[in-house]
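Visitor: Hi, I'm new to this one. Could you walk me through it?

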Amino acid sequence: MNWRTRTENKLENFSDWIFDNAKKMILAIFVLVVAIGSQLPSLKVDTTTEGFLHKTDPMRVEYDVFRDQFGRDEKLMIAVKTNNIFDLNFLEKLDNFHHALENELPNIKAVDSLINARNTYGIEGELIVEPLIDSLPKNKDDLIKLKETVTNNSLYENSLYSEDFTMTTVTIDTETYSSSGAPQETQSFEFDDGLEFDDGLEFDDGLEFDDGLEFDDDTLGEQRLYLTDAENDEIIAETQRIMERFNDSNFEIYLSGSAAIAGIFKQALMNDSAVFISLMMIVIMVVLFALFRRVSGVILPLACVSLTLIMTVSLMSIFSAPFTMATQIMPTFLLAVVTSASIHLLAVFYKDFATTNDTKKSLRYAMGHSGLAIIMTSITTAVGLWSFSFSGVAPVADLGVFASSGVMVGLVFTLIFLPSLISVTKFRPIKQRTGKDGQTFMDKALIGISVFATSKPKLIVSLSAVLIICAAIIASQLRFSHFPLQWLPEDNFARIATEEVDKNLKGSLTLEVIIDTEKTNGLYNPEVLRVIDDVSQNINSISTGNMFVGKVISYIDVIKETNRALNENRDEYYAIPDDPDLIAQEFLLFESSGNNDLASLVDSNYSKARLTLKTPFIDSLEANTFIDNAQLYLDEKFGSLAKVTFTGIGTLMTVTFEEAIYSSAVSYILAFSLIAILMVLLIGNIKIGLISMIPNLLPIIILSTIMVIFKMPLDMFTLLIGAIALGLAVDDTVHFMHNFRRYELQYNDVDKAVRLTLLGTGRAITLTSIVLALGFLVLTFSQMNNMFDFGILTASAILVALLADFFLMPAIMKIIIKDKTSL
């Protein structure tokens, strides 16, 4: 008696114990689910770009430091298109639109447009910094003067106006921190005489004076909560309502920017999740009723999958794991997987019950016959998913942890809760519909498959080998790409808006660069300023393809504007002064003018400066190449003058995809290795166990070929398919090999073992594959193109795996098991 036989006997004994204690088990499980499920309302949704990186990731840490210092770089960019922006009626409407946004939007710092753009000039040696439009133009002369002022300032080009003067922008700068989160706990000391330090004076140990003497060290309090998804959604929703009031044929409004894209992704995620779960429930009910023709055959599995879903999502809430773009597929996945496990148990139970009419005896037989295979398939599926838990991409890691946990929770419910429900349910025998020969149509089809597979094994293996080789050659042409904008449909307003802004204003996304001189007042150094100026004018020399820098924004603009203003507004003084003391004085004068733009460009110690590179929203792979080249270029330019680092949302997007590629490679290797070990243990033979893994590679190779033919990119989501498909494909192989090995050892006849295996478990394998395939095809109803591709490809992989297990696996067994002796 080997370990498999002993395990099956223990499962039979466990079935008897469940039958005798069914009501107690049902009550205990309901209490557990209610207790854990009470945390479900606390589940959060996160579609932010920074949320794709772990909180401890160095890039995420650097970005948080950047936000704390310079504010949130995710802005809402509204582009307004008209016949001519220098029109009296248009400017009046733009003014009303600007102030409506300013007055009605929650959680914003500022609204910037032509109306309040910075206008710096001098009068008799006095520096004046005021809004560009102090009062609206009243006639053509005023318009001409305004146009001259705007066009003479390079700062406004491709920012506040397009080259053809048909488009302008309104930028919404949101708050960095949440208004609903608990404020940072600090110890404050205020003096009775009202003396306050409000200059942000900082020391290296983190001690800071701000709004009264205040200690802001991590040991004294918690970090403030950044602006939440919900608050971002509220800003976007209110912005859209205001846009609707002003939008017309001569005032076309486009909402773009990374914050808007994140908001659209979240809206799609929430809407899609409800649709996916609803459709999947319908699919499951239809398939289950068609299979079992019993109400109990529908209700019992649904009870298991529903509780599994509640438990798993509640665990996410308990461990503060948010619902994300990656974990969006988890509910549909779990519904399909747990239903499939239930089908295998119920199919054997109902078939035996039709003969015995004894619930306890038939449940015992079903648990002994299929229990071990269900355990092994759940483990292999969980292993395929668990391999993602090591990913550097946070949502993918969460998918690995909680989807694999959900599969194991589903296993517990399948082997405990489902048998308990069976034990307390009264069943009536239903005779199977058979032909005159006593066989169903599916029985005949499965017998035909077994005869073909075992009679022509060399032909099947040869054709499969040719198919694998050809597919592998085509698959080698697969291309990597990560372009989140193209996940949206072509007619989506955010995608249209972003493409319009990229086309007319040369960029809708920003890359942030931090220039750190590592010296207090290091930014007063004229040499540093000149290098920044040189970089701003020449960084496009390293741009390639679709990637370019449409504009560079930095504190150099402030210095040049101030220097010109203090020298009688003469254009030849639009330059960097040679004297560090003069630069320091000009900084001080600008700060004294009442304008706070400098706070978002340099730190309070004048040691760090921020360069904002305005770029188009393109493929992250191309952007990543640019960042790598730009890093080398900037390091060479600055040398020992300053340390240069890239950060910001645009940078995080590119880093995330690079991390996803590396993590997926590790996941594939880990998943295949662990599943191969499990197969060897289950089958009890190293040679057969390893060879049985070959058909499971076929779905992955075929999928890669499909992606090449239909020009589907290998992006962050399609990278997930391989390990998921492997975990699911192996499920059918486990059920096939588990039963095949039993019959082959019993009868020493491969042909008979294949026939009995397909007749015994082939029906369940077929229907579970259909359930899984339909479950993932539900994703084709998504609003997002990437989810559509994911659904099609995963469903295809499941069907290819089914064909491989029905034809290729029996053919391989026929060839390698030549004699009639037990292995």
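Visitor: Let's start with a cysteine. Is Cys470 buried, partly exposed or exposed, and what makes it count that way?
Guide: This is a predicted model, by the way. Cys470 counts as partly exposed, because its relative accessibility is 39%.

Visitor: And what about Cys304, buried or exposed?
Guide: Cys304 is buried, because its relative accessibility is 0%.

Visitor: OK, new topic: strands. How do strand 3 and strand 4 pair?
Guide: They run antiparallel, with six bridges between them. Strand 3 covers residues 118-123 and strand 4 covers residues 126-131.

Visitor: Which residue in strand 4 is the bridge partner of Ile123?
Guide: That's Glu126. Two residues sit between the strands in this hairpin, and Glu124 has a positive phi near 50°.

Visitor: Now the rings. How many aromatic pairs are there?
Guide: The count is 29 aromatic pairs. One of them is Phe319 with Phe402, a tilted pair with centres 6.4 Å apart and 50° between the planes.

Visitor: Where do those two sit in the chain?
Guide: Phe319 is in the loop between helix 8 and helix 9, while Phe402 belongs to helix 11 (residues 394-423). They are 83 residues apart, so the pair links distant parts of the chain.

Visitor: Are they buried or exposed, Phe319 and Phe402?
Guide: One of each. Phe319 is exposed, because its relative accessible area is 58%. Phe402 is buried, because its value is 8%.

Visitor: Which aromatic cluster do they belong to?
Guide: The one formed by Phe292, Phe349, Tyr350, Phe353 and Phe427. Tyr350 counts as buried at 8% relative accessibility, and Phe427 counts as buried at 13%.

Visitor: Which ring does the charged end of Lys147 sit over?
Guide: The ring of Phe165, 4.5 Å from its centre. Likewise, the charged end of Lys752 sits over the ring of Tyr747, 3.9 Å from its centre.

Visitor: Last one: where is Thr324, and what is it in contact with?
Guide: Thr324 lies in the loop between helix 8 (296-318) and helix 9 (330-356). Leaving aside neighbours within four places in sequence, Thr324 is in contact with Asp46, Leu269 and Pro395. Thr324 counts as buried, because its relative accessibility is 3%.

Note on methods: Residues numbered from 1 in each chain as written. Predicted model: local features only at pLDDT ≥ 70, side-chain atom pairs only at ≥ 80, totals over all residues. Heavy atoms only, no water. Helix = DSSP H or I, 4+ residues; strand = E, 2+ residues; numbered from the N terminus. Buried < 20%, exposed > 50% of the residue type's maximum accessible area, 1.4 Å probe, protein only. Contact = heavy atoms within 4.5 Å. Pairing = 2+ DSSP bridges. Phe/Tyr/Trp six-rings, centres within 6.5 Å; stacked < 30°, edge-to-face > 60°. Lys NZ or Arg CZ within 6 Å of the ring centre and 35° of its normal.
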